[in-house]
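Trainee: Please put the model up, and then we can go through it by question and answer.

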Amino acid sequence: MRIFSGIQPTGRKHLGNYIGAITQYVAGQERGEGIYCIVDLHAITVAYEPKELRARVYDTVAILLAAGLDPARCTLFRQSDVREHAELTWLLSSVTAYGDLTRMHQFKDKAATQRELVSAGLFFYPVLQAADVLAYRANEVPVGEDQRQHIELMRDVAQRFNARFGDGEEVLVVPEHRIPVLGARIMDLQDPTKKMSTTGGSEQGTVYVLDEAQAIEKKIKSAVTDSGTEIKRAAEKPGVSNLIEILAVASARTPETVEGEMASARGYGDLKAAVAAAVVSYLAPVRKRYEGLRAEEPALEEILAEGAARAGAIAADTLADVRERMGVGGPRRGRPVR
């Protein structure tokens, strides 16, 4: 089984990113062929600083390696180093419905925050995301709950391409999403009705992977809870429900177990203390390994270059098939089309 996912290099990685995506990447190394991409082309669809973007790519690579990704067991690369992504995006645009793009929730949300320019790239973002995955004929895409709509779009694009150009064959693999049972949507600690985010969330409500222990404890102990004192998950208790889920993930237990163990707690203060201790312990190994890895930029570049060479070979093969099927460019030489 081939697994593909991309991760943004913008902003600092937070607990939601770590639980919802990064830990899935690491686990994927045990289940199949993992291909993971730092999506810097996606990052330029909103305002950014070029020097900062390059630094954030290195930050992200170092965090992924510190979390447990092993370049010998997976393919880790920078999106813009594999140019097939950009060409495949344009080719797939011919089988992407304009109406589907206008209904993308993330475009509407991000466009609303852009004061100077809402770029065409931001609108076209889901097509590039589809090309990212379909270029590798990936079977599975580990994502958070917020990406479900984008996965459905790329499935539609693959199916439409196969129906129009496949002659009865599955030229492009129709991928499946993999959303974690726990931690698919970690919420902001100060506003538990909103997802934890580096762009739309609050600083005090966002726990970053590289936060020091004291910062983590302060943020969690000041988390917004709910009326009453009962520690249980419920629709009317989003703050407590969020803390229970975080504790369950960080301590490798079920929410039901956490609720049972917290039944004798003196109140929300005990819950927050338990969550803080668990999250500090959960993130400490990553923070410790990160420092040494981040300092070696030449080594990080070498990992990205080697990953791009492997990824490029796969993507080039897919792109050649797509071009042949669509009648674009000269005839393919060397071997028959799939």
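Trainee: Which residues of helix 12 meet helix 1?
Mentor: Helices here are DSSP runs of H or I with at least four residues, strands are runs of E with at least two, and both are numbered from the N terminus. Contact means heavy atoms within 4.5 Å. On the helix 1 side the residues are Leu15, Tyr18, Ile19 and Thr23, and their partners in helix 12 are Val279, Tyr282, Leu283 and Val286.

Trainee: What kind of model is this, and which atoms are left out?
Mentor: This is a predicted model, in which local features need pLDDT of at least 70 and side-chain atom pairs count only at pLDDT 80 or more, while totals for chains, interfaces and linings use all residues. Residues are numbered from 1 along each chain as its sequence is written, and side-chain values use heavy atoms, leaving out hydrogens and water.

Trainee: At what angle do the axes of helix 1 and helix 12 cross?
Mentor: Axes are lines fitted to C-alpha atoms, for helices over the stretch in contact, with angles from 0 to 180 degrees between N-to-C directions. The axes of helix 1 (residues 15–31) and helix 12 come within 12 Å. Their crossing angle is roughly 65°.

Trainee: Are helix 4 and helix 13 roughly parallel or roughly antiparallel?
Mentor: Angles under 35 degrees count as roughly parallel, over 145 as roughly antiparallel, 65 to 115 as roughly perpendicular and the rest as oblique. The axes of helix 4 (residues 84–92) and helix 13 (residues 297–326) come within 10 Å and cross at roughly 25°. Helix 4 and helix 13 are therefore roughly parallel.

Trainee: Is Gln29 buried or exposed?
Mentor: Buried means under 20% relative accessible area, exposed over 50%, and partly exposed in between, with a 1.4 Å probe and protein chains only. Gln29 lies in helix 1 and touches Tyr36, Gly68, Leu69, Asp70, Arg73 and Cys74, not counting residues up to four places away in sequence. At 8% relative accessibility, Gln29 counts as buried.

Trainee: How far apart in space are Gln214 and Val280?
Mentor: Gln214 is in helix 9 (residues 213–221) and, at 70% relative accessibility, counts as exposed. In sequence, Gln214 and Val280 are 66 residues apart. C-alpha to C-alpha, their separation in space is 8.8 Å.

Trainee: What is the phi of Ala252?
Mentor: Ala252 sits in the loop between helix 10 (238–250) and helix 11 (255–261), and its relative accessibility of 73% makes it exposed. Although Ala252 is not a glycine, its phi is positive, at about 55°.
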